[in-house]
Amino acid sequence: MRKEVIAIVTDDLSCLTILKKSPLASEFVLKHTGQLPLSSDFLKKARADIVLIDTDFPEERGWDSLARLRGREPLPPVPVLLIGKNWDTENRIRAFHMGAEDLLQKPCNPEELLARARRILERRQLIEDLKKRIRDLEAELEAHTGLRVDWEKELEEMRACLATMDDPEAQLDFIVTGAVSLFDADTVSLCLREPDSEEMTCKYARGLPEEIVKKTRIRPGEGMAGQVARTGRPLFLEDSQLEGEESSDSKSRTARPRSSILLPIRARDGVRGVLNISTYLPKKLHSKHFQIAASVGMLTGQVIESGDLQRKIVNSALEAQQAFDSAKKMKDLLRHFVPSLVVDQMLDVTKTDLSERRTMEATVLFCDLRGFTGMAEEMESGEVFEMLNEYYKVMEAVFTQYSGTAIDLQGDAEMVLFGAPEPVECHALVATEAAIEMQYELERLREKRILEGKRNMEMGVGICSGQLTIGVIGGAGKKQFTAIGDTANTAARLQALSQELQSPILISHTTYEKVKEFIWVTELPPVTLKGKSQKVQAYRVNGFLEEQMLQEQLP
């Protein structure tokens with residue numbers, strides 16, 4: 001089975017690489033050219049079903065080239081998608097005038113392109129199916145009647161015009177207008193079934209007073225039109241009466257003789273409407289008009305089916321977008337509570353087990369507000385909440401800047417990982433730089449709070465690098481993502497020791513070995529940490545090594 005071909009016209013190799021590695025490449029054959037102006041020879045040789053043109057060529061915009069090409073040589077009837085960075089209103093209007101089928105925004109999203117390509121091909125297939133059904137009907141009519149009359153040309157022109165229209169309502173209105181010309185009719189009306197009802201109302205009409213159009217109702221089994229709606233069989237009436245119509249030369253209500261064709265309009269779910277074509281005597285409808293009417297009725301039914309399909313596609317797209325938006329909101333909300341990697345695992349329908357754990361090299365940072373318990377006893381609970389939110393907002397900005405992942409928050413204490421769960425190069429140095437930046441930001445926050453007459457805040461930080469195990473722990477009722485190991489315990493103990501030694505930042509020996517060429521530290525005497533049988537070497541962080549060198553140069 002032949003795969004559809006997408007011809008890609010771009011010099012953006014990164015975009016082309018993304019497309020070739022996406023599911024788009026498995027569903028379509030991708031053929032590329034990086035040359036402008038665009039050549040019709042390329043499109044013909046590629047046998048493209050869709051053309052994707054990049055508008056951001058350095059020499060000239062892709063859609064400018066397309067417009068010039070269409071002006072001087074014929075192009076295959078292939079839908080064109082344009083992709084670019086700037087689709088303001090002016091550019092969008094200009095692109096559509098130049099024949100673009102749809103527009104895509106850079107950077108290229110393969111999933112969006114795949115969805116739009118499918119939709120374009122579905123619409124094209126629908127049009128082809130409609131054309132085939134019409135051709136089959138014409139062949140059947142010719143075989144049974146042998147008719148080849150002048151109306152075929154006008155009907156074909158009507159089909160061609162309908163193929164260029166996207167709005168089903170405009171298409172139905174166009175059919176009613178065309179029927180007046182085809183039949184030389186005095187009145188044409190199209191009544192359609194209301195949703196969730198058997199009653200039909202007049203939706204489109206020509207030659208009828210507005211008050212009659214508004215009052216027209218067709219109920220299955222009631223009147224001639226009702227019989228057509230109930231049985232699904234057409235009626236060919238001569239010398240019938242249109243009761244209650246006002247004559248042209250009198251204000252009295254009279255009845256005028258007419259000939260009429262009443263056609264059931266069928267769709268996949270049954271009779272959806274009735275098409276009423278009438279001409280007043282002395283003009284008369286004769287047998288060949290019924291053959292024309294059959295084609296018009298079939299065409300009307302196809303347009304209704306096409307409209308149903310479009311509504312289903314739109315509704316499906318809206319539902320999919322709503323589901324996507326809801327999932328994105330949920331994902332963004334969950335990221336406030338657990339790391340992104342865990343959120344992705346939670347929302348991955350292929351994963352039913354979240355107990356997977358990993359042991360990896362990383363750096364753990366513990367930070368804690370000094371004297372928080374005493375402050376909390378003297379403050380209103382609302383003030384405590386306000387202070388902590390202000391503090392964490394500042395700290396979170398620093399963590400994010402340095403690729404840290406906060407995984408545990410208990411009151412005024414927080415544990416942050418660097419290099420886990422997502423690997424980070426030089427995680428020990430990044431964590432230490434983040435700690436220095438945290439103290440700088442806390443100093444700014446202190447100055448602000450002092451000006452506002454609020455309580456001062458001081459913070460202690462402990463950092464340790466080494467092996468640790470990360471994963472989700474907990475029972476059936478509650479689970480938590482955390483990091484476990486001696487590295488995490490040591491960082492927590494160093495943070496507690498920082499308060500005793502009045503040192504803003506303490507790091508372990510394992511961290512020091514990784515940052516000693518960049519960070520200015522003071523080596524402390526070996527200390528005993530709670531839970532440790534042997535003494536531990538710790539270091540006070542004074543700043544960056546450049547600061548030490550500058551200070552040593554001062555007189």
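## Basis of the model

Residues are numbered from 1 along each chain as its sequence is written, and side-chain values use heavy atoms, with hydrogens and water left out. Because the model is predicted, local features need pLDDT of at least 70 and side-chain atom pairs count only at pLDDT 80 or more, while totals for chains, interfaces and linings use all residues.

## Overall make-up

The protein has 18 helices and 19 strands. These are DSSP runs numbered from the N terminus (helices: H or I, at least four residues; strands: E, at least two). Of its 555 residues, 43% count as buried. Buried means under 20% relative accessible area, exposed over 50%, and partly exposed in between, with a 1.4 Å probe and protein chains only.

Contact means heavy atoms within 4.5 Å. Take the contacts between residues at least 6 apart in sequence: 61% of them join residues at least 24 apart.

## Helix 14 and helix 15

Helix 14 (residues 381-401) packs against helix 15 at an angle of about 145°. Their axes are 9 Å apart. Axes are lines fitted to C-alpha atoms, for helices over the stretch in contact, and angles run from 0 to 180 degrees between N-to-C directions.

Helix 14 contributes Met387, Glu390, Tyr391, Val394, Met395, Val398 and Phe399. Among their partners in helix 15 are Ala434, Met438, Leu442 and Arg449. The contact residues divide into 10 nonpolar, no polar and 5 charged. Here Ala, Val, Leu, Ile, Met, Phe, Trp, Tyr, Cys and Pro count as nonpolar, Asp, Glu, Lys and Arg as charged, and the others, Gly among them, as polar.

## Aromatic pairs

The whole structure holds 2 aromatic pairs. The rings of Tyr391 and Tyr392 have centres 5.0 Å apart and planes at 55°, so this pair is tilted. Rings of Phe, Tyr and Trp (its six-membered ring) pair if their centres lie within 6.5 Å; planes under 30 degrees apart count as stacked, over 60 as edge-to-face and the rest as tilted. Tyr391 and Tyr392 are both buried.

Tyr512 and Tyr539 form a stacked pair, 4.1 Å centre to centre with 10° between the planes. This pair links distant parts of the chain: Tyr512 lies in helix 17 (residues 509-515) and Tyr539 in strand 19 (residues 538-544), 27 residues apart. Both are buried.

## A buried loop residue

Ala420 sits in the loop between strand 14 (413-418) and helix 15 (427-451). Ala420 counts as buried because its relative accessibility is 1%. Leaving aside residues up to four places away in sequence, Ala420 touches Met360, Ala362, Thr405 and Ile470.
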